[in-house]
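Please work through the following model by question and answer, with the criteria behind each term stated where the term comes up.

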Amino acid sequence: RSVEGNWGATTKTTNRYFIRAIVQQFGDKALRELDFVDLQNWLNRLAGDYSRSMVFHCHTYLKAICSEAVEQDFLAKDPSRKLKRPKTRKPDETILEWSQYQNVIDGAETFQNKLAIKVGSGTAVRPGELFAFRWSSLQASPNDRHSLRVTETVYKGKIRPWAKTEASEASVPLPKRLALELKGWRKLTAWSKSADFIFPNSQGRSEERRVG
């Protein structure tokens, strides 16, 4: 907690995301049950699905958590001592020209897909966050601005409640024009209730998928 108090707002939100991933995986285990093989296998799986930053941060926090547990005499030996950072995919640093971006938008088959691309590129949220947005996620601010609140993610077809407390949730601001388009989409879609997904599949469910 003392370290967290020195974090800035952006750092706090980012670091909590990494810590939540660890708690989601190992939170039900007693410290004495933590095993090097389980920790390493999880990091290896993480490397297949997530960015280098995600893997490196989780590796760092796992080692810090276990080291502190040993320091506080909760563990006799550190199960993370020999943990290795697995190789990760090289980040895609491709940047589209404006004309290329417009071609992507024009190539989308439906208005919903066009809007999903705009929201994804306009807010830089992850696909798993994008397709977990519900209409209740769209929030208005006193200054007539809007934002999307990240409270859930979708992974392999399953919704995961990453944010377990209000303090751990994060909001991403929306450009005014994009907020207007979203409100217009809500009037058109058959799934417009607060609990409905903004970008559902044909059954009204959420799914992480490619759009276009």
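Q: Which residue forms a salt bridge with lysine 29?
A: This is a predicted model, in which local features need pLDDT of at least 70, side-chain atom pairs count only at pLDDT 80 or more, and totals for chains, interfaces and linings use all residues. Residues are numbered from 1 along each chain as its sequence is written, and side-chain values use heavy atoms, with hydrogens and water left out. A salt bridge requires a side-chain nitrogen of Lys or Arg within 4 Å of a carboxyl oxygen of Asp or Glu. The closest N and O atoms of the pair are 2.9 Å apart, and the partner of lysine 29 is aspartate 38.

Q: Are lysine 29 and aspartate 38 buried, partly exposed or exposed?
A: Buried means under 20% relative accessible area, exposed means over 50%, and partly exposed lies in between (1.4 Å probe, protein chains only). Lysine 29 has a relative accessibility of 34%, and aspartate 38 has 33%. Lysine 29 is therefore partly exposed, and because of its own value aspartate 38 also counts as partly exposed.

Q: Which residue meets glutamate 152 in a salt bridge, N to O at 2.8 Å?
A: Glutamate 152 is in the loop between strand 2 and strand 3 (153–155), and its partner, 18 residues apart from it, is in the loop between helix 6 and strand 1. Helices (H or I, at least four residues) and strands (E, at least two) are here DSSP runs, numbered from the N terminus. Glutamate 152 is buried because its relative accessible area is 17%. The side chain that it meets is that of arginine 134.

Q: How many salt bridges does the structure hold?
A: Side chains of opposite charge can pair when their charged atoms come close. Another such pair is arginine 126 with glutamate 129, at 3.4 Å from N to O, where arginine 126 is partly exposed at 41% and glutamate 129 is buried at 8%. The number of salt bridges in the structure is four.

Q: What is the angle between the planes of phenylalanine 26 and tryptophan 42?
A: Rings of Phe, Tyr and Trp (its six-membered ring) pair if their centres lie within 6.5 Å, and planes under 30 degrees apart count as stacked, over 60 as edge-to-face and the rest as tilted. The structure holds four aromatic pairs, one of which joins phenylalanine 26 and tryptophan 42 at 5.3 Å centre to centre in an edge-to-face arrangement. This pair links helix 1 (residues 9–26) to helix 2 (residues 36–49) across 16 residues, and both phenylalanine 26 and tryptophan 42 are buried. The angle between their planes is 80°.

Q: Which residues does serine 137 touch, not counting residues up to four places away in sequence?
A: Serine 137 lies in the loop between helix 6 (127–130) and strand 1 (138–140), and it is buried because its relative accessible area is 6%. Contact means heavy atoms within 4.5 Å. With the sequence neighbours up to four places away left out, serine 137 touches Ser147, Leu148 and Arg149.

Q: What is the phi of aspartate 73, approximately?
A: Most residues other than glycine have a negative phi, and most peptide bonds are trans. Aspartate 73 is not a glycine but has a positive phi; it is located in the loop between helix 3 (52–71) and helix 4 (98–107). Aspartate 73 counts as exposed because its relative accessible area is 68%. Its phi is about 65°.
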